[in-house]
Amino acid sequence: MTMKTVDVAKSLGIHPSTVLKWVKMADIELERNESGHCEFTEENIEALRDFQKNRNRQAVVKVVEKVVEKVVEKEEVVISDERAQDMQKQLDQLFLRLIENEKRTEEKAGEVVTFQILEHRSEIDRLNKVVTKLENRVVELESQLKSEDSLKGKKPVPRWRSFLTGIFSY
């Protein structure tokens with residue numbers, strides 16, 4: 001099954017032009033339809049998701065590196081090998097904690113989506129019950145109407161009466 005650029009953008013939570021930009025940056029080969037529009041397969045979408053995750057991690061690493069550079073510039077101290085190793089360990093620990101927090105965030109997002117789906121399902125069930133009751137009520141009212149019509153036993157209007165009313169109605 002293939003998806004359009006707009007649908008892929010919605011699933012990734014980004015703008016459609018960003019999707020096309022990332023396709024070029026990640027060098028992902030896409031198929032195009034007769035109109036020349038991009039068609040994304042599951043493999044293409046997964047490659048974009050991986051690119052997005054790596055892009056987020058790279059951004060975090062850049063921020064951490066900038067912070068470390070600023071700290072080092074402010075201290076203006078020659079850092080010993082031991083201190084550099086200690087700082088590297090701390091950076092590694094920080095990076096691992098960031099990755100762990102990212103996983104937790106993804107899990108939590110999955111839980112939220114699951115909860116929302118369950119809520120929507122219960123709302124749909126409730127609405128289905130209401131629709132069923134309404135359908136039953138309509139059938140009941142229609143049968144009452146038919147039975148009232150048959151009980152009244154409509155008398156046909158005499159021909160001469162309908163003829164005269166038709167003449168004088170003008």
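This is a predicted model: local features need pLDDT of at least 70, side-chain atom pairs count only at pLDDT 80 or more; totals for chains, interfaces and linings use all residues.
Analyst: A helix here is a DSSP run of H or I covering at least four residues, and helices are numbered from the N terminus.

User: Why is Asn44 called buried?

Analyst: A residue is called buried when its relative accessible area is under 20%, and because Asn44 has a relative accessible area of 8%, it counts as buried. Leaving out residues up to four places away in sequence, Asn44 touches Ile28, Glu29, Leu30 and Glu39.

User: What makes the pairing of the Asn44 and Thr41 side chains a polar contact?

Analyst: The limit for the N or O atoms of such a pair is 3.5 Å, and the side chains of Asn44 and Thr41 meet at 2.8 Å, which is listed as a polar contact.

User: Why is Asp27 called exposed, and where does it lie?

Analyst: Exposed requires over 50% relative accessible area; Asp27 has 65%, so it is exposed. Asp27 belongs to the loop between H2 and strand S1, residues 31–32.

User: What makes the phi of Asp27 worth a remark?

Analyst: Most residues other than glycine have a negative phi. Asp27, although it is not a glycine, has a positive phi of about 55°.

User: Why is Leu94 called partly exposed?

Analyst: Partly exposed is the class between buried, under 20%, and exposed, over 50%, and Leu94, at 35% relative accessibility, therefore falls into it. Leu94 sits in helix H4, residues 81–152.

User: How do you know that Leu94 can belong to a nonpolar patch?

Analyst: Patch members need over 30% relative accessible area, and Leu94 is at 35%, so it passes that cut-off. Together with Val60 and Leu98 it forms a nonpolar patch on the surface, the three having about 190 Å² of accessible area.

User: What does Phe40 contact beyond its neighbours in sequence?

Analyst: With neighbours within four places set aside, the contacts of Phe40 include Met1, Met3, Val8, Val19, Val23, Ile45 and Leu48.

User: What is the pattern of the chain, and how much of it is buried?

Analyst: Along the sequence the pattern is α-α-β-β-α-α-α, made of 5 helices and 2 strands. Of its 170 residues, 12% are buried.

Terms used: Residues are numbered from 1 along each chain as its sequence is written. Side-chain values use heavy atoms; hydrogens and water are left out. Buried means under 20% relative accessible area, exposed over 50%, partly exposed in between (1.4 Å probe, protein chains only). Contact means heavy atoms within 4.5 Å. A polar contact is a pair of N or O atoms within 3.5 Å; within protein, one must be able to donate a hydrogen and the other to accept it, and residues adjacent in sequence count only if both atoms are side-chain atoms. Patches are made of residues with over 30% relative accessible area and no salt bridge: like charges are joined within 9 Å, nonpolar side chains (Val, Leu, Ile, Met, Phe, Trp, Tyr) within 5 Å. Accessible areas come from the Shrake-Rupley method with a 1.4 Å probe; for residues, only the protein chains shown count as cover. A salt bridge is a side-chain nitrogen of Lys or Arg within 4 Å of a carboxyl oxygen of Asp or Glu.
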